[in-house]
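Student: I have a structure open here and want a quick tour. Can you walk me through it?
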Amino acid sequence: MLISANLAIFGEIQEFNISLQDKILRFYQGEKNLTDMITIESPGKFWQDYELIDSGNFEKLERFGNYIMARPEPKAIWDKSLTDNDWNRMMHTRFRAGAGFGKSGKEDCGTWERRKKMDEQWYIKYNSTTPGLNFTLRLGLTSFKHVGVFPEQSSNWEFIYRQTRALVEKAEKEGLPKPKVLNLFAYTGAASLAAKAAGADVTHLDSVRQVVTWARGNMEASGLDNIRWILEDALKFARREAKRGNSYQGIILDPPAYGHGPDGEKWKLDECLNEMLKCVSAILAPKDSFLVLNLYSNGYSAVLGETIVKQTFCKDIEYKALDCGELALEDRFGKNLPLSIVVRLQR
Ligand SMILES: C[S@@+](CC[C@H](N)C(=O)[O-])C[C@H]1O[C@@H](n2cnc3c(N)ncnc32)[C@H](O)[C@@H]1O
């Protein structure tokens, strides 16, 4: 049954497990035209400051550092493993969505109901088993359900760090300038920190001033410096960089379904992604470079991501690997919660 799912496989997974079934499929189908799907498993085993405890009944129960919280999760369509009493006993806070929350692609406000004493803001560490990859993130409860980090992104941070590290080492050997990494729709900056920790020149772009300030605080808390901060509409910036003929060795983009630039520029994933990727393909170095495209939008599949990246980046140009799949978190009870799709290109 799995064989009919048309997806490529992640090339480089070290900290995250591939199931035996996937390995067998990989063997029978040959490495080249692989057509199975991989979920990246929970990083929880080594990431001490994060755990997906339980999921189900359209909610997830997570621990960030010392604090446990329940949040709405539309994809948790199965039953919880723990009882309601267990959840109530464990949680410090629970997010209650306001009427209309999440409708029409817009995340309306909700409220956090406090159950136990907790700080408004606190810090967590990402201590990878990959030497050199560690940083600190400030978290806080926002009125639109986010806390300042998307933990499932950790497998992207690992990929970005390893790719960037290899490019930095190559550049050092050849006496070339540091590789440049551009993070578009960069939010609180975990991916920027991974690239910076690996030694790249990092440009971090987001359209929301408070979010850029938050990211800068995360850089300082991580003992890193010299990230270039840009407050702008991502598409406008990418168009301009393409016109200027600038190029980057690494480009990361995690565009939302809907968003807007600082001057009210409208971002609609369905309508803008194709043009955005065309601009990005003009500024991604043709050799010794990588791309990470992450999509949270419901209804977008990894196949869709792979197709658009292949169309835009892989025609008449050599590449080392093109991988796509889903990012998921595994809860304590072995239930995998899929959260986003990702496409990774290596040239
Ligand atoms: C889903 S978040 C990215 C999460 C991030 N990759 C991470 O893992 O931490 C999307 C971000 O895009 C930003 N954004 C939305 N519309 C934008 C636009 N037109 N230009 C630039 N940034 C935008 C938002 O402010 C938000 O920070």
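Tutor: Start with two strands: β3 and β4 pair in the antiparallel sense over six bridges. Strands here are DSSP runs (E, at least two residues) and helices are DSSP runs (H or I, at least four), numbered from the N terminus. Two strands pair if DSSP finds at least two bridges between them.

Student: Before more, what kind of model is this?
Tutor: It is a predicted model, where local features need pLDDT of at least 70, side-chain atom pairs count only at pLDDT 80 or more, and totals for chains, interfaces and linings use all residues. Residues are numbered from 1 along each chain as its sequence is written.

Student: Back to β3 and β4. Which residue in β4 is the bridge partner of glutamate 59?
Tutor: Proline 72. The hairpin of these strands has two residues between them, and glycine 65 there takes a positive phi near 65°.

Student: And how do β2 and β3 pair?
Tutor: In the antiparallel sense, over six bridges. Glycine 56 has glutamate 59 of β3 as its bridge partner. In that hairpin, asparagine 57 takes a positive phi near 50°.

Student: What is the strand order of the sheet?
Tutor: β2-β3-β4-β5-β6, an open sheet of five strands with mixed pairing. β2 (50–56) and β6 (110–114) stand at the edges with a single partner strand each, so one side of each has no neighbour in the sheet. Neighbouring strands are turned by 20° against each other on average, direction ignored.

Student: Parallel or antiparallel for β4 and β5?
Tutor: Parallel, over two bridges, between residues 67–72 and residues 93–97. Methionine 69 stands opposite threonine 93 in β5.

Student: Switching to helices. At what angle do α6 and α7 pack?
Tutor: About 35°, with the axes 8 Å apart; α6 covers residues 234–244 and α7 residues 269–283. Axes are lines fitted to C-alpha atoms, for helices over the stretch in contact, and angles run from 0 to 180 degrees between N-to-C directions.

Student: Which residues make that contact?
Tutor: Among them are Leu235, Ala238 and Arg239 of α6, and Cys272, Glu275 and Met276 of α7. Contact means C-beta atoms, placed from the backbone, within 7 Å. The contact residues divide into nine nonpolar, no polar and three charged. Here Ala, Val, Leu, Ile, Met, Phe, Trp, Tyr, Cys and Pro count as nonpolar, Asp, Glu, Lys and Arg as charged, and the others, Gly among them, as polar.

Student: Now the ligand. Which residues come nearest?
Tutor: Phe185, Tyr187, Ser207, Asp254 and Gly259, of the 21 residues around the ligand. Near means the C-beta atom, placed from the backbone, lies within 6 Å. α4 (190–197) and β13 (258–260) are the elements that give two or more residues to this shell. By class, the shell has eleven nonpolar, six polar and four charged residues.

Student: What is the mean pLDDT of the chain?
Tutor: The mean is 87, and 84% of residues reach 70 or more. pLDDT is the predictor's confidence in each residue, from 0 to 100. The value stays under 50 over residues 1–21. Over residues 30–36 it is below 50 too. Where pLDDT is low, the predicted coordinates should not be read in detail.

How values were computed: Two residues are in contact if their C-beta atoms, placed from the backbone, lie within 7 Å.
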